[in-house]
Amino acid sequence: MQCERIDRETLYRGRVVDVWRDTVRIRADGESRESRYDVVHHPGASAVVPLFSDGTVALIHQYRYPVGDTIWEIPAGTLDGGESYEACAARELEEEAGCRAGRWTHLTTFYTTPGFCDEELRVFLAEDLTECQPANEEDEHLEVVRVPIGDALAWAASGKIRDAKTLLGLFAARDYLAGAGGWR
């Protein structure tokens with residue numbers, strides 16, 4: 001299949017996302033047709049599973065207006081213009097969890113909602129942590145809680161954690177740690 005964009009209309013420009021209406025020409029099985037797609041453009045994001053030497057992870061308990069609830073998440077944030085995924089992860093770890101990492105491992109990369117959004121999110125494991133002063137943004141009202149990683153995984157399995165990046169990050173960390181010399 002081949003897909004060629006032939007037109008883009010910007011429907012909305014926002015602080016974090018833009019919304020485009022793209023007209024595309026799709027060629028498949030010798031046929032050609034035009035289609036329209038509404039696309040939420042997001043610059044990308046990073047998320048971090050902060051693992052302390054005592055086997056705890058830092059989770060963020062934060063109110064999220066779009067879902068009308070306070071939820072559990074791993075530290076995460078949107079790329080700032082031209083910032084690398086790694087730099088974003090380090091910045092968010094420091095800002096939200098008040099930590100710096102001595103060792104970083106890329107765990108996974110995924111598209112959050114590819115049916116309508118182009119956001120790519122990369123998840124990292126942060127280890128060899130040292131604490132520093134957090135620098136939350138003005139619109140962030142959050143609590144940082146250290147939880148044994150086994151408990152965090154149980155919360156994920158039970159539905160207490162419902163955030164997709166957090167679920168994927170915790171399960172990817174578990175699998176990575178199991179393959180890197182044993183579960184802690």
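**Sheets, helices and cores of the predicted model**

Four strands make up an open sheet with mixed pairing, ordered β7-β4-β9-β8. Its edges are β7 (76-78) and β8, each of which pairs on one side only. From one strand to the next, the twist averages 25 degrees. The structure is a predicted model.

The pairings across this sheet can be taken in order. β4 and β7 are antiparallel and share three bridges. A45 stands opposite T78 in β7. β4 and β9 run parallel and are joined by six bridges. Here V48 has F124 in β9 as its bridge partner. β8 and β9 pair in the antiparallel sense, over 11 bridges. In that pairing A101 stands opposite L129 in β9. Strands of a sheet pair through backbone hydrogen bonds, either parallel or antiparallel.

α1 (residues 85-97) touches β4, β7, β8 and β9. The direction of α1 makes about 120 degrees with that of β8. α3 also packs on the sheet, touching β4, β7, β8 and β9. For α3, the angle to the direction of β8 is about 110 degrees.

α3 also meets α2. The axes of α2 and α3 come within 10 Å of each other and cross at roughly 130 degrees. The two helices are therefore oblique to each other. The crossing of α2 past α3 is left-handed. On the α2 side, the residues involved are I149, A152, L153, A156 and A157. They meet L167, L170, F171, R174 and L177 in α3.

The largest nonpolar core has 25 residues. Within this core, the residues with the most contacts are V49, V57, L59, L107, V123, L125 and L170. At least two core residues come from each of β4 (45-50), β5, β8 (99-111), β9 (120-131), α2 (149-158) and α3 (164-179). The largest share, five residues, is supplied by α2. In soluble globular proteins, nonpolar side chains tend to be buried together.

Neighbours within four places in sequence are set aside here. L107 is then in contact with V49, V123, F124, L125, G169, A172, A173 and Y176. Another core, of 13 residues, lies apart from the largest one. Its members include L79, A89, C99 and A126.

β5 (residues 56-64) pairs with β10 (residues 142-148) in the antiparallel sense, over seven bridges. V57 stands opposite V147 in β10. V57 is also among the residues with the most contacts in the largest core. β5 pairs with β6 (residues 69-73) as well, again in the antiparallel sense, over five bridges. R64 has D69 in β6 as its bridge partner. The hairpin of β5 and β6 has four residues between the strands. In this hairpin, G68 takes a positive phi near 65 degrees.

Three strands are arranged in the order β1-β2-β3, in an open sheet with antiparallel pairing. The edge strands are β1 (2-13) and β3 (31-41), each pairing on one side only. Neighbouring strands of this sheet are turned by 20 degrees against each other on average, direction ignored. β1 and β2 (residues 18-28) pair over 10 bridges in the antiparallel sense. T10 stands opposite W20 in β2.

For the protein chain overall, the secondary structure comes to three helices and 10 strands. From the N terminus on, the elements run β-β-β-β-β-β-β-α-β-β-β-α-α. The C-alpha atoms fill a box of roughly 60 × 40 × 30 Å along the principal axes. Of the 184 residues in the chain, 42% are buried. Among contacts with a separation of 6 or more, 57% involve residues 24 or more positions apart.

Definitions and conventions: Residues are numbered from 1 along each chain as its sequence is written. This is a predicted model: local features need pLDDT of at least 70, side-chain atom pairs count only at pLDDT 80 or more; totals for chains, interfaces and linings use all residues. Side-chain values use heavy atoms; hydrogens and water are left out. Two strands pair if DSSP finds at least two bridges between them. A nonpolar core is a set of buried Ala, Val, Leu, Ile, Met, Phe, Trp, Tyr and Cys residues joined through side-chain atoms within 4.5 Å. Buried means under 20% relative accessible area, exposed over 50%, partly exposed in between (1.4 Å probe, protein chains only). Contact means heavy atoms within 4.5 Å. Axes are lines fitted to C-alpha atoms, for helices over the stretch in contact, and angles run from 0 to 180 degrees between N-to-C directions. Angles under 35 degrees count as roughly parallel, over 145 as roughly antiparallel, 65 to 115 as roughly perpendicular and the rest as oblique. A crossing is left-handed if the near helix is turned anticlockwise from the far one by less than a right angle, and right-handed if clockwise.
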